[in-house]
Amino acid sequence: MSTPETVAAPSWRARLRRVPWQQLTPLAGLVLLVIVGSLMHPAFLTSTNLFNVLTRSAFIGIIAVGGTFVIIGGGIDLSVGSMAAFLSGAMILLMNALYGGTISPVGVVLIGVGLVLGSGLLAGAANGLAITRGRIEPFIVTLGTLGIFRSLVTYLADGGTISLNFALRGVYRPVFYGSFLGVPIPVWAFAVVAVLGAILLHRTRFGRYVRAIGSNQEVARYAAIRVARVRTLTYVIQGLCVAIAVVLYVPRLGSASASTGILWELEAIAAVIIGGTALKGGSGHIWGTVVGAIMLSLIGNVLNLTSAISEYLNGTVQGLIIIGAVFLQRGRQGR
Amino acid sequence: MAHEPILSGIGLSKSFGPIEVLHAVDVDVRPGEVHALVGENGAGKSTLMKLLSGYHQPNAGEVVLDGRPVRFPDSNAAEAAGIVLIHQELNLVPDLTVEENVFLGREPHRFGLVDRGAARRATAELLATLRTEVPVTRRVRDLSVSQAQMVEIAKAVSREVRVLCMDEPTDVLTGRETEVLFDLVRRLTADGVAILYVSHKLDEIMTIADRVTILRDGHKIGTFDVGDLTPAEMARRMVGRELADMYPPKPAVPDDAPVALEIEGLDVPGFVHGASLRVRRGEVLGIAGLVGAGRTELFEGALGLRPAHGSVRKDGRPVRWRHPEDAKLDRVAYLTEDRKAKGLLLGKNLRENVVLQSLERFARPFVHLRAEQQALEGAVEEFDVRVARLDVEAGALSGGNQQKIVLAKLMLTEPDVVILDEPTRGIDVGTKRQIYFYVGELLAKGVAVVLISSELPEVLGLAHRVVVMHDGAITGTLDGAGLDEETVMAYATGLRRDPPPATLESPRVHT
Ligand SMILES: Nc1ncnc2c1ncn2[C@@H]1O[C@H](COP(=O)(O)OP(=O)(O)OP(=O)(O)O)[C@@H](O)[C@H]1O
Ligand SMILES: [Mg+2]
């Protein structure tokens, strides 16, 4: 109530103001990028290229869907990149160990997938419990686990690379390279995760609680909401999303090393923020995050296709766009 | 009075979006006078003050200072001209110290550095004149609400002030602090400062104000000399009709009414020791005591909102509520005294707020927006929430209407024991009466009500029995019939103290 009000506007302006511009900014950015891309290179608007972009965006996108829950709930998870690397390494080692025994290769892969999903849940729960039960800042806890997971994968790989057994690669390959109805599997997975995430966030009690907690934890507590439980669950969802990304990622290269998943946490957080979710929590949209993730991978793609800017500057352009996106949101909030 | 007004508003109108909330209101304040603004919740009192002090810009009309039209682009410009507003809601930075808050943005400098010493001395002096004993180095976060309010007042008068606008300043103050504030007001007016004063406490207005302007639904009803009005006339002009009895009849609690909630030997470390009480169905149990006596903490402890130990029984069954949700499942609900920080998601819309505590009824498993909207419309109707549009954020409501939303949120959980902590804080007389009668209806339905309140008249008017607390302990449990304020105050200040009641039948087992 204490915000200074500007002089009231005529009604058409008032109506324009009611359009959720802030929510549309990411979409506008995406459209702009597509236009720029298609002007710069004829190959840009081909379905092969676009599917390629979408496939690449799937890893970060899926992780960012989980990140949307964490950030809206007022938290942050910096450990996702290392967690992905660790889960990849552990999954490959496990599958290699099981291979050649009595279990068929398909069975081995299935066991691997199941174990990764379970471990993702556990890793997320560990983050969440340390934060809620241990009452430690999310930034600190996940900074700690970022270091832990990264060193664990380095240790598992003994400083080198962990490679998946060749026979298993053949079986597992289609999960990344295959397609269904002409659409690559990772894109399907991304879509399914996004839709489920959106339903959970926007249509269920849990999602409402996450937003309530992110906007004021005390109010949520006094409203008899199990704050600690809900917050922990956001990290569990984040862990599960990382595991799903890993399941798609391992067949891509068939290996993991100490440099797997480096800076994924930044890209995932960037996708969430570009998508219009408030970094301080309380509000946000899954579809915004999806747009954000696609935008990030489009930028890389446009830079790749054209030679206007070196592709090594990809990070710079992404960084500028992140800062710009937050700046635009700030401007819209009127302070 | 001979004085020309310092500050006046002429034909001030204000709209938020398409809705005009203030319609061509004239008001003026003269040097040395206390000019009160009264009106129902949402009548536009805060809005009018904000127009005069640069926080809002009028859509029509003008602000006149010393006979010349002025336009304050923002509150800083108004403050530079000596017009300072103390907000209805606290406006301090929680993580800064008292001294840093008082001098925020105008720190005294010496050799290019902030002169901490000077700022501290000045703050300490100010607080001493306000007889508020808080260390200037304490963080505002760690102050009680009433202490924070005194700091807010200190901050306001630390400037060159000519017109001091106070929006419900005594809302969170104790009786003693209110006295101190009134002393300050008298000193300021003696120096020729003009005071614009909003309050729902009409007796305060009779005490302190010289003139009163009455607003109703954004219209000015008139300006009167306070001596020409009785509180009842003032109330009638505010609400536009005669207000009959303030309190509903107090039906006797049937002798066989079962005990709904029983607390025995409850300790809340640091706040309450050995508290025992019981409330029966159809009964109002008043909880009186000075601010800081541990009334809030007692019930927060019992309901799992803060650590506590002791025994609690609901409907005769021992319960152990570790989390507010446990209490909710046992149909016990607590209305917080701090609606801004604990009661409302100020940035969320009314619908999400009102269903927050009973969402399981609206989300099975998917949220059902239409049912939620209906619940909101029902609540707005039942609690008479005055709001032009239902899709606004909770923070845009006037204080009293916010309180009604919190109450509605609580009642949607259909509790059979309700604990109301300062339920009428910041609420206008008409609405207070509605809430009192609502409590009456709850009793008829067999609900047990606990009423924690610093307003003794409402405790005496509603409660069948009154538990009085002093310094974390229960000093007496008094029969509400024929009870008077003096007796309650004697227990509240610890002058009188009954032996701990041996009336609770089950003797405590010490282990
Ligand atoms: N920023 C805002 N946006 C939209 N509507 C507002 C805003 N501020 C106030 N209003 C509306 O203006 C009307 C007057 O509000 P105001 O806060 O001035 O009432 P008040 O008389 O101070 O009430 P209370 O006694 O409850 O504090 C209310 O209907 C309120 O909902
Ligand atoms: Mg007000």
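This passage describes a predicted model, beginning with chain A and moving on to the ligand site and selected residues of chain B.

Taken along the principal axes, the box filled by the C-alpha atoms of chain A is roughly 75 × 55 × 35 Å. Of the 335 residues in this chain, 49% count as buried.

The buried set consists of Trp264(A), Glu265(A), Ala268(A), Ile269(A), Ala270(A), Ala271(A), Val272(A), Ile273(A) and Ile274(A). As a reminder on helix geometry, residues three or four places apart in an α-helix point the same way, because there are 3.6 residues a turn. Just after helix 13 of chain A comes Gly276(A), where phi is positive, at about 100°.

Across all chains, the search of the whole structure turns up zero disulfides. A disulfide is a covalent bond between the sulfur atoms of two cysteines. Two cysteines may be picked out for their surroundings. Cys241(A) has a relative accessible area of 6%, so it falls under the 20% cut-off and is buried. Cys165(B) is also buried, because its relative accessibility is 0%.

Attention now turns to the ligand. Ligand 1 lies between chains A and B. There are 19 residues around ligand 1, and those that come nearest are Gly42(B), Lys45(B), Ser46(B), Thr47(B) and His200(B). Sorted by class, the shell holds ten polar, six nonpolar and three charged residues. Two helices of chain B, helix 1 (45–52) and helix 14 (399–411), each supply at least two residues of this shell. Helix 1 of chain B gives the most, contributing three residues.

Several polar atoms of chain B approach oxygen atoms of ligand 1. For Thr47(B), a polar side-chain atom lies 2.5 Å from a ligand oxygen. The corresponding distance for a polar side-chain atom of Asn41(B) is 2.8 Å. Ala396(B) takes part through its backbone, with a polar atom 3.2 Å from an oxygen atom of ligand 1. On its own, ligand 1 has 640 Å² of accessible area, and the protein covers 89% of it.

Elsewhere in chain B, Ser199(B) sits in the loop that runs between strand 10 (194–198) and helix 7 (202–208). With a relative accessible area of 3%, Ser199(B) is therefore classed as buried. Its side chain takes part in two of the contacts described here. The side chain of Ser199(B) reaches the backbone nitrogen of Lys201(B) at 2.9 Å, and a polar contact of 3.1 Å links it to the side chain of Glu204(B).

Along the chain, Val98(B) and Glu372(B) are 274 residues apart, and 42 Å separates their C-alpha atoms.

Terms used: Residues numbered from 1 in each chain as written. Chains lettered and ligands numbered in written order. Predicted model: local features only at pLDDT ≥ 70, side-chain atom pairs only at ≥ 80, totals over all residues. Heavy atoms only, no water. Disulfide = S-S within 2.5 Å. Buried < 20%, exposed > 50% of the residue type's maximum accessible area, 1.4 Å probe, protein only. Near = heavy atom within 4 Å. Polar contact = N/O pair within 3.5 Å; in protein donor to acceptor, adjacent residues only side chain to side chain. Areas by Shrake-Rupley, 256 points an atom, 1.4 Å probe, with all protein chains shown as cover. Helix = DSSP H or I, 4+ residues; strand = E, 2+ residues; numbered from the N terminus. Nonpolar A, V, L, I, M, F, W, Y, C, P; charged D, E, K, R; others polar.
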